[in-house]
Structure formats: C-alpha cells, structure tokens
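These notes are meant for a colleague who is opening this entry for the first time. Please keep the sequence and the structure in view while reading the numbered points.

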Amino acid sequence: MEFALLNGEIIERSQAKVDVEDRGYQFGDGIYEVIRVYNGKMFTAAEHLSRFKRSSESIGITLPFSSLELTEMLNELIIKNNLNTGNIYMQVTRGVAPRNHLFPTGNVVPTLTAYTINGVRPLENLKSGVKTILTEDIRWLRCDIKSLNLLGNLLAKQKASEQGCFEAIQHRGQDVTEGSSSNIFIVKNGTVITHESNHLILKGITKDVILNLCMKNNIPVQERTFSLAELEEAEEVFLSSTTAEVMPIIEIDGKKVKSGIPGPLTCKLQDLFQKEIERQCGVLVDNEI
Ligand code: DCS
C-alpha cells in the first residue's frame with residue numbers, strides 16, 4: 001500500500017484528497033519542493049526544507065510545521081513507502097476558501113501534501129548527454145519562488161519534447177536565464193559560469209552543491225549573467241536539477257556543443273557529485289555513472 005502526507009497525517013495515498021476550492025487547485029496559490037532520495041535517505045534535505053520555508057514566506061503562507069517536524073514526517077513516509085531511490089514531492093497551498101483573488105481572512109489553514117515517487121538515476125542520459133532547444137523566457141519576474149504556477153515552464157518543456165529534446169534553455173533577449181526545470185552552466189576558458197541567483201531564476205539546490213564542489217576542488221567559478229553568444233561558443237554546457245543531477249548538454253537547437261560529447265570538466269563534476277551523494281546517503285550500488 002502507498003501512503004501520502006496530508007496536513008500532518010500519513011494516510012493511504014488513495015484517500016489523500018483536497019477540496020475543489022483549494023487555492024492551489026484554483027489559482028496555483030502555493031509552492032513546492034522536489035527532494036531526491038538515495039538509499040532511503042534524503043539528499044540535501046536541510047537545503048530543500050529551508051527553501052520550502054523561504055518560498056512559502058515570500059508569498060505570505062506560514063508553514064503549519066517546523067522544518068524538524070517536516071523532516072521527521074518525510075522520513076516516516078520514506079519508510080512506510082519503502083522508498084529506496086526516488087523523489088519526494090511536497091507542496092503547500094494557501095488552503096481552502098470560497099473563490100476570491102484576495103487572500104482569505106480568518107483561520108484558513110494551509111494545505112500541505114507530500115508523496116513519494118520511485119525513480120532510478122537517469123544513467124543513460126548522464127553518460128551520453130542530452131539535446132536541448134532555445135526558447136524565449138516568457139515567465140514572470142519572481143522565478144526565485146518555487147511557485148506552483150508553472151505554465152511558462154510547461155510550455156517551454158513541451159516545445160523541447162516536441163522537437164525530440166530533453167530540455168529548453170530559456171533566455172531573456174540575449175541573456176540566458178535557466179532551463180524549464182533546471183539551471184544552466186557553461187564552461188569558458190576552464191571557468192564554470194552560471195546565472196547569478198536573483199529574481200530571474202530558481203536558486204537550485206543542485207546548483208549550490210556544484211558551486212561548492214567547484215570551490216573545494218579549485219575549479220574557477222563565476223555566478224553572472226552570460227549571453228547566447230557565450231553559450232554558443234562554450235567549451236562545455238551542462239544543466240543541473242534534483243532529478244537530473246549534473247547532466248551534460250551535447251546539442252542546442254540542432255547544433256553540437258563542441259564535438260558533441262560530454263566535456264571533461266562536466267564528467268569531473270559528475271564524479272564529484274556522485275561522491276557527494278555517497279557521502280550523504282551511502283554507497284550507490286549498481287546505480288553509478
Ligand atoms: N530551475 C527551475 C525552474 C526548476 O524547476 C528547477 C528544479 C531548478 C532550476 C533546479 O533546482 P534544484 O536543483 O533545486 O532541483 N525543478 C524541480 C522540478 O520541478 N522537478 O524536479 C526538480
């Protein structure tokens with residue numbers, strides 16, 4: 001039997017239902033997190049929970065549980081669902097209230113849900129790299145909030161998929177921002193460059209792990225805006241996310257990135273990232289790049 005978390009209680013997943021007037025359902029009025037689980041252990045749990053809190057506070061939702069309470073509930077969910085390798089999806093909305101754009105007054109409680117998804121590491125793509133397209137970034141100007149409103153992201157991802165690609169690299173004019181569900185990195189003169197964490201992108205937890213690994217291993221990094229021209233001339237390009245880890249990009253809009261195979265620095269970062277997973281979650285057996 002599968003279980004889910006609904007407002008602090010772990011119940012049978014098929015019984016975890018929300019009202020049609022939940023503001024998440026009607027307005028996308030809420031925020032979410034995706035947390036990776038390896039060997040039954042959450043990877044970078046504290047970072048995800050603090051972003052969950054930050055996102056919710058930035059739209060005026062007060063979380064009904066502390067990070068510690070949430071961690072305990074999520075660990076219980078992992079155990080009850082026998083989750084070894086996979087993801088936890090968790091979201092909170094402003095709650096259930098008669099439909100009105102204004103925030104509800106009175107004691108409307110936020111709706112908090114979480115469930116687990118089995119999922120192995122995308123080893124084939126990690127080894128071979130993925131193809132991408134370019135698309136104008138049409139999203140709002142608070143991409144730092146992990147909002148449930150993902151229409152701009154969905155349209156971009158769908159367009160990529162229809163062209164046989166894994167991801168859409170978004171840009172505002174000449175400036176590259178981020179993928180539809182990932183952060184984008186280039187390597188230029190041996191330096192790893194990725195967009196600074198401001199209102200135009202989501203501050204990826206994976207991005208921060210990668211930047212820390214670079215700093216610890218004397219790999220030069222720059223967090224700054226880079227242009228489409230720099231992307232086109234890059235020595236290497238890769239993307240990062242909770243589920244995609246350090247994913248080589250080998251093609252952009254039908255044009256190969258350099259020789260069209262994952263670059264050496266990308267592969268080195270994959271190796272360092274895998275070691276970081278093992279440091280936090282234990283040895284990966286039959287699950288390595
Ligand atoms: N940018 C966007 C727009 C994202 O949606 C994500 C992750 C990232 C960057 C990378 O952030 P993390 O490194 O913290 O994952 N999106 C999640 C999602 O919706 N599914 O999987 C990951």
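1. Sorted by class, the shell around the ligand holds 12 polar residues, together with 4 charged and 4 nonpolar ones. Please bear in mind throughout that this is a predicted model.

2. In total, 20 residues surround the ligand, and the closest of them are Arg51, Glu178, Ile205, Thr206 and Thr242.

3. As to where the shell comes from in the chain, domain 1 (3-118) and domain 2 (123-281) each contribute at least three residues to it. Among the secondary-structure elements, the strands β3 (30-38), β9 (175-179) and β14 (236-241) and the helix α6 (205-216) each supply at least two residues of this shell.

4. A nitrogen atom of the ligand lies 2.7 Å from an N or O atom in the side chain of Glu178, and an oxygen atom of the ligand lies 2.9 Å from an N or O atom in the side chain of Tyr32. Of the 480 Å² of accessible area that the ligand has on its own, the protein covers 90%.

5. Finally, which pocket does the ligand take up? The space taken by the ligand is the largest pocket.

Terms used: Residues numbered from 1 in each chain as written. Predicted model: local features only at pLDDT ≥ 70, side-chain atom pairs only at ≥ 80, totals over all residues. Heavy atoms only, no water. Near = heavy atom within 4 Å. Polar contact = N/O pair within 3.5 Å; in protein donor to acceptor, adjacent residues only side chain to side chain. Areas by Shrake-Rupley, 256 points an atom, 1.4 Å probe, with all protein chains shown as cover. 1 Å grid on protein atoms, 1.4 Å probe; cavity = no way out; pocket = protein on both sides within 12 Å on 5 of 7 lines; lining within 4 Å. Sits in = over half its atoms within 2 Å of the grid points. Helix = DSSP H or I, 4+ residues; strand = E, 2+ residues; numbered from the N terminus. Nonpolar A, V, L, I, M, F, W, Y, C, P; charged D, E, K, R; others polar. Domains from an automatic or database assignment.
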